[in-house]
Amino acid sequence: MPGTLYKSAAIVGAAEANQIGFLKEPVTALQLHIEAIKNLSDSTGLPISRIEGVFSTGWSSELCEHLGIRPKYIDTTAVGGCSFEMHVHHAMAAIHAGIIDTALISHGENGHSARAIGGRGAANYGRGGVNSPGQEMTMAYGLGSAPSNYAHAMVRHMHRFGTTTEDFAHIAKVTRDWATLNPRAAMYSKDVHPFGGPITVEQVEESRLIAWPLTILHCCMVADHGGAVLVASPKVAASLNTKPVWIAGAGESMGHSNMLEMEDFTATSASVSADAAYTMAGMGPSDMEMALIYDSFTITAAITAEMLGLAPRGEGHLLWKDGRAAPGGSFPINTNGGGLSFNHSGMYGMPLLIEAYRQLSGTAEDGINGDKGKQTSARTCVVNGTGGSLSTTGTLVLVADD
Amino acid sequence: MSYKFPVPTQGTHTRPFWEGAKAGKLMLPRCQDCNRVHWYPRFICPHCHSTNLEWIQGSGEGTVHTYAVQHMAFGPWAEEVPYVTAYIDLKEGDRMLTVLRGVDPSKPEEIRIGAHVKVEFEPANDDMHLPFWRVVEG
Ligand SMILES: [Zn+2]
C-alpha cells in the first residue's frame, strides 16, 4: 500500500540563475535566488504573485519581502545540503493538507563570489560582507534593539486612532496582575525580583524611557526560558496520561522582513494568519474564550488583539483598560503574565503554547506555592505569535477536550 | 571631524544610488513596465515582477510617516541619545528610514506626522554620502 502522500504533489518546473559558475562580477546569494525564481516563473507560466508557499534554507521571509509576496506557508528548514529534498517533503505535506497549491523551493549561494564580497549562503549578511539591500539602506540610522523599531508603530497608532501612552500602559499593568498569580513568573513578587509584584499605570508611564513613547515597562523582559510541547495523532493522544488539547485551526503569514517594508504600521499579518486559523477551525473570534498573544511590547498586544478580531481597529487596548483581559475578567489574555512579566527569552512562541495547553487542560496552577487564581474556565483559546519587527505571524485556535 | 557612525557596505546593484548621492542627487529605482518607484532597491519589481528597472532622479521631498525618539542605543549612536528616527514617505512613493534632522528630541509631541522634509547628504567617506532627511516646515 502506498503511503498517504503518494502522488499527492509533483515538481512542475525547474530553473537556474542567469549566470552560474565562477562569475567574474561578484553576485550576492540574494541575486542568484531572485534570478532563478524569475526564470522559473517565466518558464512555467506561473506568475510570482501566485506562489503560496516559500521553502528555503533560512531565506524565506527575505525572499518574500524582495518579491513583494505574502505567502500562506513558510519553511526555512536549514539542516545542510539535504534541506531542499526535505523542503519537497514538507511542501507535499502542505499541499496534501490543502493549505497551499503552489510551493516555491529556492536556492542561492555565492560560494565563489563570497570570497570577494562575503555572504556565502546565509540569509544573515554582515560578517564583513555586503549588506542585504534592505540593510544597506537602513543600517546607518541608529536603530538596533527591538524597542527602537516598535516605537514607530506605537506613534503611528496614536496618530491614527488617537490612542495615548496611558491607554497602552493598562496592558502592562493588567499583565503584571496575572504574573502576581503565577509563582513561576519572573515578576511574581518583590521577593522574586526587586521590581516584581503589582504595578500601577502611573509607574508604567513614569518608568525609564527606552524609545519614546516606549518606557521600559511597556517592553518585555529578556530572561532565560526553555520549554517543549508534544504534538501527536488522535490515536497516540488517547494512549497518554495527559489530556489532549485539540489544534482546531492554524495559519501563518508575513507582512515584511525589514520594518522599512511595513506598509501599515498599525496592522500585522495576524489578520491573515488568524483568518486561516479561524476558517480551518470553523470558528471565529466570538467563539474564543481567552487569548495568548505575544506581548513583546504593549503595542504588539494591542495591535494583535485588533488583528485577531477580538476588538475593532484602534480599540485593542480597551480589552485591558476596561478589565476584560484581567484576572476575573470576561476574556482573559496572557494568563501566565506574558512576555512583559512572566518570561521572554528572545523568542516567546513556546511559552504561549505551554500556557495555552495548561489553561485548556485544566493544569494552569503551577502549585509551587499552592497559589490559586490563574486557572480560567476557558474552553477555547486563540494563540498568536509575532516574529521579527511586527513581521511574521502564526495563529492557532486551540480547544479543550470534551 | 570624521564620520563616526556605522556606514553600509555598498551592494552589487546599488552603485547608481551611491554615485547619485555623491553628486547630491536622490536616485530611486523605478519599474519601466508599471512605472512605480520602489525602495529599497530590488533585483525585481515587487509590484509587477518585471526586471526592466531603471534609476530616476527623485525630488528629494517627502513627509514624515511615523517617528520615535531613541533613548537607548548601541555603538557610536549611544553617545547621541536622545535622537529622532523616522520613516519618510517619498513624494515618488514608498518609504525611507532616516535619523530626522530639524526637530527637538526633548519635545516628541511637537514633531508632526505629515511634516514636510527634504533630503540632504552627509559624506561618511570618499565613496559613501549618506542621505538624511530634515523637517523644512512644521
Ligand atoms: Zn513593476
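I searched the whole structure, which is a predicted model, and found 2 cavities of 30 Å³ or more.

I took the largest cavity to begin with, and it holds about 60 Å³ of space. Which residues line the largest cavity? From chain A I noted A:Glu136, A:Met137, A:Ala140 and A:Tyr141. From chain B I noted B:Pro8, B:Phe17, B:Trp18, B:Trp39, B:Met96, B:Leu97 and B:Pro131. Helix 1 (15-22) and strand 5 (95-99) of chain B each give at least two residues to this lining. By class I get 10 nonpolar residues, no polar ones and 1 charged.

Next I turned to the second largest cavity, with a volume of about 40 Å³. Its lining also draws on both chains: A:Thr28, A:Asn131, A:Pro133 and A:Glu136 from chain A, and B:Gly11, B:Thr12, B:His13 and B:Phe43 from chain B. Here the classes come out as 2 nonpolar, 5 polar and 1 charged.

In chain A, helix 1 (29-44), helix 3 (83-96) and strand 3 (103-105) each supply at least two lining residues. I sorted the lining into 24 nonpolar, 12 polar and 4 charged residues.

**A patch that brings back A:Ile105**

I then looked at the surface and found a nonpolar patch formed by A:Ile11, A:Val88 and A:Ile105. Together the three have about 250 Å² of accessible area. A:Ile105 sits in strand 3 of chain A. Is A:Ile105 buried or partly exposed? I make it partly exposed, because its relative accessible area is 31%.

**Helix 11 of chain A**

My last stop was helix 11 (residues 298-307) of chain A, which is mostly covered, with 10 of its 10 residues buried. The buried residues are A:Thr298, A:Ile299, A:Thr300, A:Ala301, A:Ala302, A:Ile303, A:Thr304, A:Ala305, A:Glu306 and A:Met307. I made a note that A:Glu306 is among them. Just after this helix, A:Gly309 takes a positive phi of about 80°.

Definitions and conventions
Residues are numbered from 1 along each chain as its sequence is written. Chains are lettered from A and ligands numbered from 1 in the order in which they are written. This is a predicted model: local features need pLDDT of at least 70, side-chain atom pairs count only at pLDDT 80 or more; totals for chains, interfaces and linings use all residues. Side-chain values use heavy atoms; hydrogens and water are left out. Helices (H or I, at least four residues) and strands (E, at least two) are DSSP runs, numbered from the N terminus. Ala, Val, Leu, Ile, Met, Phe, Trp, Tyr, Cys and Pro count as nonpolar, Asp, Glu, Lys and Arg as charged, and the others, Gly among them, as polar. On a 1 Å grid over the protein atoms alone, a cavity is a set of points where a 1.4 Å probe fits but cannot get out, and a pocket is an open set with protein on both sides within 12 Å along at least five of seven lines; lining residues have an atom within 4 Å of a point. Grid points are joined across faces, edges and corners, and a volume is the space filled by probe spheres set on the points. Patches are made of residues with over 30% relative accessible area and no salt bridge: like charges are joined within 9 Å, nonpolar side chains (Val, Leu, Ile, Met, Phe, Trp, Tyr) within 5 Å. Accessible areas come from the Shrake-Rupley method with a 1.4 Å probe; for residues, only the protein chains shown count as cover. A salt bridge is a side-chain nitrogen of Lys or Arg within 4 Å of a carboxyl oxygen of Asp or Glu. Buried means under 20% relative accessible area, exposed over 50%, partly exposed in between (1.4 Å probe, protein chains only).
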